[in-house]
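Thanks for coming. I will go through one model today, going from a single residue out to the sheets and the cores.

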Amino acid sequence: MIDKLKNITRTKSFHLCMIISMVVILLFVVGMLVLRYNVEGETNMPFNLSKMVIISAQEGIDDGQTNTRWSFDVHQSNDIYLYIEKNEAYNKTEIIKSVRIDNFQIEANQTENIKIYKPDAETENVIFKYIDNDIVQSLEYTGEVESDLKNLKIANQGGIVAFRCSNNYVAKYQSDEEEINHGELLKKAGISEEELPIKLTFCMTITLESGKEYQAEITSQLPIDNVIEEGSTSTEIIDLEDIVFKRIHN
């Protein structure tokens, strides 16, 4: 019996089967590792996305018409703030070179008037303005010693990046009232909740001075809660397990 087994193990077909078996096992292990990485992404990044804050509001912009006391183009804005913090458990020193936001994808009933704005660098005490020069297809924050949101700078050991997704010209509103509450413009213009939903998807890429790059795709449902009735609503999102960062360089 032993001699018979020895003879089998010496055959070319046995060695071929063993090689095929090892290759199959290796491919299975590699496949499982790739699948796990695609699901979990990087588990020990130098910097983490710690939370997102979204502020949804409504605002009337004077359209210049003078046949009534008030004449507004009504916009529905969504300001998105992304907080990046240093991972204290990471055992190496890294420096943020840049944080880029791009690849915007928008799903909505009407997309032509939905614009992405960078923070406005000119006007004091206002982060975002409805001006054409601030409309962007992408934006990049550079790493500096200190953060400067309006000038697209983030502290190189962590800070905040932000942009606005605005649904412009949702409605027109005219009135001869003495005073106007901008938080009621959508309601007074007869806009319903069904007309407002936006599914916004974008990419966030963190690039380090060492050359490492980490990228994640982020999706948000806008606006937050019942902005028509509330006028302005906000949320803080700290459960970010669905956002998976993957290393795309080094």
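Which residues is Asp-63 in contact with, leaving aside its neighbours within four places in sequence? They are Ser-71, Phe-72, Asp-73 and Lys-172, where contact means heavy atoms within 4.5 Å.

Before going on, the ground rules. This is a predicted model, in which local features need pLDDT of at least 70 and side-chain atom pairs count only at pLDDT 80 or more, while totals for chains, interfaces and linings use all residues. Residues are numbered from 1 along each chain as its sequence is written, and side-chain values use heavy atoms, with hydrogens and water left out.

Back to Asp-63. The residue lies in the loop between β1 and β2; helices (H or I, at least four residues) and strands (E, at least two) are DSSP runs, numbered from the N terminus. Asp-63 counts as partly exposed, at 22% relative accessibility. On that scale, buried is under 20% relative accessible area, exposed is over 50%, and partly exposed is in between, with a 1.4 Å probe and protein chains only. The side chain of Asp-63 makes a polar contact with the side chain of Lys-172 at 3.1 Å, and it also reaches the backbone nitrogen of Gln-65 at 3.0 Å. A polar contact here is a pair of N or O atoms within 3.5 Å; within protein, one must be able to donate a hydrogen and the other to accept it, and residues adjacent in sequence count only if both atoms are side-chain atoms. Asp-63 and Asp-73 are 10 residues apart along the chain, and their C-alpha atoms are separated by 6.0 Å.

Now the strands on either side of that loop. β1, residues 47–62, and β2, residues 70–86, pair in the antiparallel sense over 15 bridges. Two strands count as paired if DSSP finds at least two bridges between them. Within this pair, Ser-56 stands opposite Asn-78 in β2. Both strands belong to an open sheet of five, in the order β4-β7-β2-β1-β10, with antiparallel pairing. Its edge strands are β4 (114–117) and β10 (232–237), each of which pairs on one side only. Neighbouring strands in this sheet are turned by 15° against each other on average, direction ignored; axes are lines fitted to C-alpha atoms, for helices over the stretch in contact, and angles run from 0 to 180 degrees between N-to-C directions.

Strand β2 also holds Asp-79. Is Asp-79 buried or exposed? Asp-79 is buried, with a relative accessible area of 9%. Its side chain makes a polar contact with the side chain of Arg-164 at 2.5 Å. Beyond four places in sequence, the residues in contact with Asp-79 are Val-53, Ile-54, Ile-55, Phe-128, Phe-163 and Arg-164.

Next, the other sheet. Six strands form an open sheet in the order β6-β5-β3-β8-β9-β11, and the pairing is mixed. β6 (153–155) and β11 (246–249) stand at the edges with a single partner strand each, so one side of each is left without a neighbour in the sheet. The twist averages 30° from one strand to the next. Inside this sheet, β3 (residues 96–108) and β5 pair in the antiparallel sense over four bridges, with Arg-100 opposite Glu-140 in β5.

On to the cores. A nonpolar core is a set of buried Ala, Val, Leu, Ile, Met, Phe, Trp, Tyr and Cys residues joined through side-chain atoms within 4.5 Å. The largest has 43 residues, of which Leu-82, Phe-163, Leu-200 and Met-204 touch the most other members. The elements giving two or more residues to this core are β1, β2, β3, β4, β5, β7 (158–175), β8 (198–208) and β9. β8 gives the most, with six residues. Apart from it lies another core, of 11 residues, among them Phe-72, Val-74, Ile-180 and Leu-186.

Last, some backbone details. Most residues other than glycine have a negative phi, and most peptide bonds are trans. The peptide bond from Leu-222 to Pro-223 is cis, with omega near -10°, and Pro-223 is found in the loop between β9 (213–222) and α4 (227–230). Asp-225, found in the loop between β9 and α4, has a positive phi of about 55° and is exposed at 59% relative accessibility. Asn-125 has a positive phi of about 65°, and sits in the loop between β4 and β5 (139–144).
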